[in-house]
Amino acid sequence: MKKSIRHKGAKIRMCAACGLRSRKDETEYIRIVQPKNSAPFIDREGTASGRGAYVCRNQDCVRKLCKSRRLSHLLRGTVSDELYEELRKEVGLDG
């Protein structure tokens, strides 16, 4: 089994768009979750179970992630256009 990367007791998260690695509490991330047998969604509380991906809460990273459509690969499932639109609205992009 792989060991998690830890820094002072906290797990390190990586942005799916820019690759920035930092502690979850140091950088504000948006978490997208793919639960089993359900559609992916934005996990605002950070407690949902399922496969997750993180993206920095800035417009450049969200724009890059939406353009590359990388979430389908990371979540190992289909990601709808509505979720990408919801991500854009989350950071204040107009579509």
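Two strands pair if DSSP finds at least two bridges between them. Strands (E, at least two residues) and helices (H or I, at least four) are DSSP runs, numbered from the N terminus.

The model is predicted: local features need pLDDT of at least 70, side-chain atom pairs count only at pLDDT 80 or more, and totals for chains, interfaces and linings use all residues. Residues are numbered from 1 along each chain as its sequence is written, and side-chain values use heavy atoms, with hydrogens and water left out.

**Exercise 1. Give the order of the elements, then the order of the strands in the open sheet of three strands.**

Step 1. The protein chain has three helices and six strands. From the N terminus, they run β-β-β-β-β-β-α-α-α.

Step 2. The open sheet has the order β5-β4-β6, and its pairing is antiparallel. β5 and β6 are the edge strands, each pairing on one side only.

Step 3. Look at β4 (residues 29–34): six bridges join this strand to β6. Arg 31 stands opposite Tyr 54 in β6.

Step 4. α1 (residues 59–68) lies across β4 and β6 and runs at about 130° to β6. The angle is taken between N-to-C directions, from 0 to 180 degrees, using lines fitted to C-alpha atoms, for helices over the stretch in contact.

**Exercise 2. Find the aromatic pair and say which strands it links.**

Step 1. Apply the rule. Rings of Phe, Tyr and Trp (its six-membered ring) pair if their centres lie within 6.5 Å; planes under 30 degrees apart count as stacked, over 60 as edge-to-face and the rest as tilted.

Step 2. The structure holds one such pair. Tyr 29 and Tyr 54 are edge-to-face, 5.8 Å centre to centre with 70° between the planes.

Step 3. The pair links distant parts of the chain: Tyr 29 is in β4 and Tyr 54 in β6, 25 residues apart.

Step 4. Check burial. Both Tyr 29 and Tyr 54 are buried (under 20% relative accessible area; exposed is over 50%, partly exposed in between; 1.4 Å probe, protein chains only).

**Exercise 3. Describe the setting of Asp 43: where does this residue lie, and what does its side chain reach?**

Step 1. Asp 43 sits in the loop between β5 (41–42) and β6 (51–56).

Step 2. Asp 43 is buried, with a relative accessible area of 8%.

Step 3. The Asp 43 side chain reaches the backbone nitrogen of Thr 47 at 3.0 Å. The backbone nitrogen of Ala 48 is also reached, at 3.0 Å.

Step 4. Leaving out residues up to four places away in sequence, Asp 43 touches Arg 31, Val 33 and Ala 48 (contact means heavy atoms within 4.5 Å).

Technical notes:
A polar contact is a pair of N or O atoms within 3.5 Å; within protein, one must be able to donate a hydrogen and the other to accept it, and residues adjacent in sequence count only if both atoms are side-chain atoms.
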